[in-house]
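Please work through each task before turning to its solution.

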Amino acid sequence: MTIVLVSLIVIGIGGWTSFYLFQKADGGATTLKEAKSSGDVRVVSNDALFVNESNEEAVLKEISQMHTYLNQLLGWGAWQSFDPTNKEEELRTQLMHIEKIIAPETRGPLKKDMERAANSIEKALEENDSTHLKMAHRIFHDLDVVMNDIVVDVYWGVTATYGK
């Protein structure tokens with residue numbers, strides 16, 4: 001019994017350590033708190049990001065919803081076995097939503113992030129490669145985390161708006 005318990009503890013610690021190290025190796029993830037304290041999160045005024053500040057709340061909600069959608073699709077390593085062609089119609093709808101609803105309300109670095117996310121979804125569909133979707137997810141993840149003040153364990157720092 002003791003051997004089994006010790007084995008489980010060792011496996012658990014090893015698994016957590018491996019997960020943590022793989023996260024760090026896969027794009028330099030950190031926590032938002034660490035990124036802010038190290039200066040890796042830029043401060044950007046909202047007037048530099050939104051075409052019309054009265055629509056800011058709606059855009060923040062759209063970013064959060066897109067992040068949630070991509071989490072459901074790709075979260076917890078599901079991106080590794082995800083086949084974009086199986087969700088092509090759905091992804092094209094999301095792509096159009098970014099291009100027609102979210103992006104027109106943005107400017108500056110936030111507009112650039114919307115364009116990068118849209119391009120990543122397009123590439124994923126063209127090449128049937130989920131790694132491009134992973135990048136779109138990370139863009140929306142980081143934007144949602146900073147803009148909507150979400151508490152998370154991982155911050156990627158990949159956005160033009162706030163990233164490294």
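Angles under 35 degrees count as roughly parallel, over 145 as roughly antiparallel, 65 to 115 as roughly perpendicular, and the rest as oblique. The model is predicted: local features need pLDDT of at least 70, side-chain atom pairs count only at pLDDT 80 or more, and totals for chains, interfaces and linings use all residues. Residues are numbered from 1 along each chain as its sequence is written, and side-chain values use heavy atoms, with hydrogens and water left out.

**Exercise 1.** Determine how H3 and H4 are oriented towards each other.

Solution. Step one concerns the elements: helices (H or I, at least four residues) are DSSP runs, as are strands (E, at least two), numbered from the N terminus. Step two concerns the axes, which are lines fitted to C-alpha atoms, for helices over the stretch in contact, with angles from 0 to 180 degrees between N-to-C directions. The axes of H3 and H4 come within 12 Å and cross at roughly 165°. H3 and H4 are therefore roughly antiparallel to each other. In step three, the contacts (heavy atoms within 4.5 Å) are listed. Residues of H3 including Val59, Met66 and Leu73 meet a set in H4 that includes Leu91, Ile98 and Ile102.

**Exercise 2.** Find the salt bridge of Arg116 and state whether each partner is buried or partly exposed.

Solution. A salt bridge is a side-chain nitrogen of Lys or Arg within 4 Å of a carboxyl oxygen of Asp or Glu. Side chains of opposite charge can pair when their charged atoms come close. Arg116 meets Asp113 in this way, at 3.4 Å from N to O. Both lie in helix H5 (residues 108-127), three residues apart, and so are separated by about one helical turn. For accessibility, buried means under 20% relative accessible area, exposed over 50%, and partly exposed in between (1.4 Å probe, protein chains only). Arg116, at 27%, is partly exposed, whereas Asp113, at 0%, is buried.

**Exercise 3.** Which residues does Met147 contact, leaving aside its neighbours within four places in sequence?

Solution. The contacts of Met147 are Leu49, Phe50, Leu60, Ile63, Leu110 and Tyr162.
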